[in-house]
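Me: I'd like to go through this one label by label and ask what stands behind each. Could you put the structure up before we start?

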Amino acid sequence: MKKREYNDGCATAHALDIVGERWALLIMRELMLGPKRFSDLRASLPGISANLLTQRLEGLESVSVLRRRKLPPPAASWVYELTEWGLESEKMIKEIGRWAARSPNMVPGKQMSVNSVILSLRTMFNADLAEGLDFTLGMRLGEQEFITRISQGMLEIDHGEASRGDVLLICDQNALAATVYGGVPLDQLIDDGAIQIKGDKNLLERFCRLFPLPDTAPDLHS
């Protein structure tokens with residue numbers, strides 16, 4: 001079935017023609033940090049059925065947002081990855097996230113994928129609060145590892161060997177979100193065994209304060 005289009009000459013309408021279907025932007029979010037297998041995408045998007053995921057992947061491939069390719073041996077598995085143009089959507093996804101974070105109807109505490117937490121850190125980073133900081137944080141979030149570099153008021157987060165950081169953080173991505181965005185004290189999560197740290201805890205505490213959420217928009221119905 002051919003999907004309905006807005007038939008509107010505005011590029012914003014065309015953007016919705018491309019990514020306006022349910023789950024499309026979330027699939028792009030999950031591919032923003034690198035290629036994934038079909039099974040990896042399903043694991044990170046537990047609410048989507050296999051059939052619908054297949055449809056959305058085919059749709060995004062048909063408009064050149066992503067491609068499917070086979071990894072070389074010994075992996076030899078098929079993966080999906082964003083095209084160069086598809087990767088340009090990171091700024092859009094981040095701006096939508098920042099805008100939506102102001103919603104008076106945003107319900108905190110819901111589960112997040114690893115990619116969504118990493119992209120949220122890239123989005124909410126406050127350079128002024130990072131003044132004078134210069135260190136690397138290794139993050140082991142489940143089976144994925146990242147290196148975070150903070151220097152000269154800039155933040156970089158990429159896949160990398162977590163043990164190479166000045167400080168090593170080992171936890172579930174939702175535990176990290178709980179202390180960064182949910183206000184759960186770091187010491188409480190450490191005591192509960194949800195977070196492990198190797199290195200200077202004070203640096204990690206400062207890191208967790210670098211991502212303030214924007215002010216909530218007025219609720220006209222309260």
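**Labels and their cut-offs**

Me: What makes Phe207 count as buried?
Reply: Its relative accessibility is 0%, and buried means under 20% relative accessible area, with exposed over 50% and partly exposed in between (1.4 Å probe, protein chains only). Therefore Phe207 counts as buried. Before we go on: this is a predicted model, where local features need pLDDT of at least 70 and side-chain atom pairs count only at pLDDT 80 or more, while totals for chains, interfaces and linings use all residues. Residues are numbered from 1 along each chain as its sequence is written, and side-chain values use heavy atoms, with hydrogens and water left out.

Me: How many aromatic pairs are there by the ring rule?
Reply: Two. The rule takes rings of Phe, Tyr and Trp (its six-membered ring) as a pair if their centres lie within 6.5 Å; planes under 30 degrees apart are stacked, over 60 edge-to-face, and the rest tilted.

Me: Why is the pair of Phe125 and Phe211 called tilted?
Reply: The centres are 6.1 Å apart and the planes make 50°.

Me: How do you know whether Phe125 and Phe211 are buried or exposed?
Reply: Phe125 has 16% relative accessibility and Phe211 has 2%.

Me: What makes Arg68 a charge over the ring of Trp78?
Reply: Arg68 lies over the face of Trp78, at 4.2 Å from the ring centre. The rule asks for NZ of Lys or CZ of Arg within 6 Å of the ring centre and within 35 degrees of the ring normal.

Me: Why is H7 described as mostly covered?
Reply: Ten of its eleven residues are buried, among them Val114, Ile118, Leu121 and Met124. Ser116 also lies in H7, and at 9% relative accessibility it counts as buried.

Me: What does the side chain of Ser116 reach?
Reply: The backbone oxygen of Ser113, at 2.8 Å. A polar contact is a pair of N or O atoms within 3.5 Å; within protein one must be able to donate a hydrogen and the other to accept it, and residues adjacent in sequence count only if both atoms are side-chain atoms.

Me: Which residues is Ser116 in contact with, leaving aside its neighbours within four places in sequence?
Reply: Arg29 and Glu30, where contact means heavy atoms within 4.5 Å. Ser44, in helix H3 (residues 38–44), is in contact with Arg29, Glu30, Lys36 and Ser113 on that basis, again leaving aside neighbours within four places in sequence.

Me: What makes Ser64 and Gln152 stand out?
Reply: Ser64 has a positive phi of about 70°, and Gln152 has one of about 55°, although neither is a glycine. Most residues other than glycine have a negative phi, and most peptide bonds are trans. Ser64 is partly exposed at 43% relative accessibility, whereas Gln152 is exposed at 75%. As for peptide bonds, the one from Pro73 to Pro74 is cis, with omega near 10°.

Me: How many helices and strands does the chain have?
Reply: Ten helices and seven strands.

Me: Why is the chain called as compact as a globular protein of its length?
Reply: Its radius of gyration is 19 Å, close to the 17 Å from the globule rule for 222 residues, so the label applies. The radius is taken over C-alpha atoms, and the rule is 2.2 Å times the number of residues to the power 0.38.

Definitions and conventions. Helices (H or I, at least four residues) and strands (E, at least two) are DSSP runs, numbered from the N terminus.
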